[in-house]
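Please look at the sequence and the structure below before reading on.

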Amino acid sequence: MTIEAVVFDIGNVLLEWHPEHYFDRTIGPERRKAMFAAVDLHAMNDRIDLGEGFKDVIYATAEKNPEWRAEISRLA
């Protein structure tokens, strides 16, 4: 496979990603607030943005937080 182009989406130009919006829709605002208080999902996203493997980071975060495993694993 040859990579011909790389697109950096800085500032939510092409894709909007606010995990709060996703989780509010999927598990509700109250449960999302509890999960965000317990798990630093923004740090997880930063690791992915820095080039770590997408699924590896998500599954590692899910395993580290078993009470939120199902919710976090939905992202993979």
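The model is a predicted one. A search of the whole structure finds two aromatic pairs, and ring pairs link Y22, F23 and F36 into a cluster.

**Aromatic rings**

- The rings of Y22 and F23 have centres 4.9 Å apart, and because their planes stand at 75°, where over 60 degrees counts as edge-to-face, the pair is edge-to-face.
- F23 also forms an edge-to-face aromatic pair with F36, in which the distance is 6.2 Å from centre to centre and the angle between the planes is 70°.
- This second pair links distant parts of the chain, since F23 belongs to helix α1 (residues 19–27) and F36 to helix α2 (residues 29–38), 13 residues apart.
- F23 is buried, with a relative accessible area of 0%, and F36, at 18% relative accessibility, counts as buried because the cut-off is under 20%.
- The face of F36 has R32 lying over it, at 5.5 Å from the ring centre.

**The largest pocket**

- The largest pocket has a volume of about 530 Å³, and it is lined by 17 residues, of which N12, W17, N45, I48 and D49 lie nearest its centre.
- Helices α1, α3 (41–49) and α4 (54–64) each supply at least two residues of the lining of the largest pocket, while the largest share, six residues, comes from α3.
- By residue type, the lining of the largest pocket divides into eight nonpolar, five polar and four charged residues.

Methods
Residues are numbered from 1 along each chain as its sequence is written. This is a predicted model: local features need pLDDT of at least 70, side-chain atom pairs count only at pLDDT 80 or more; totals for chains, interfaces and linings use all residues. Side-chain values use heavy atoms; hydrogens and water are left out. Rings of Phe, Tyr and Trp (its six-membered ring) pair if their centres lie within 6.5 Å; planes under 30 degrees apart count as stacked, over 60 as edge-to-face and the rest as tilted. Buried means under 20% relative accessible area, exposed over 50%, partly exposed in between (1.4 Å probe, protein chains only). Helices (H or I, at least four residues) and strands (E, at least two) are DSSP runs, numbered from the N terminus. A charge sits over a ring if NZ of Lys or CZ of Arg is within 6 Å of the ring centre and within 35 degrees of the ring normal. On a 1 Å grid over the protein atoms alone, a cavity is a set of points where a 1.4 Å probe fits but cannot get out, and a pocket is an open set with protein on both sides within 12 Å along at least five of seven lines; lining residues have an atom within 4 Å of a point. Grid points are joined across faces, edges and corners, and a volume is the space filled by probe spheres set on the points. Ala, Val, Leu, Ile, Met, Phe, Trp, Tyr, Cys and Pro count as nonpolar, Asp, Glu, Lys and Arg as charged, and the others, Gly among them, as polar.
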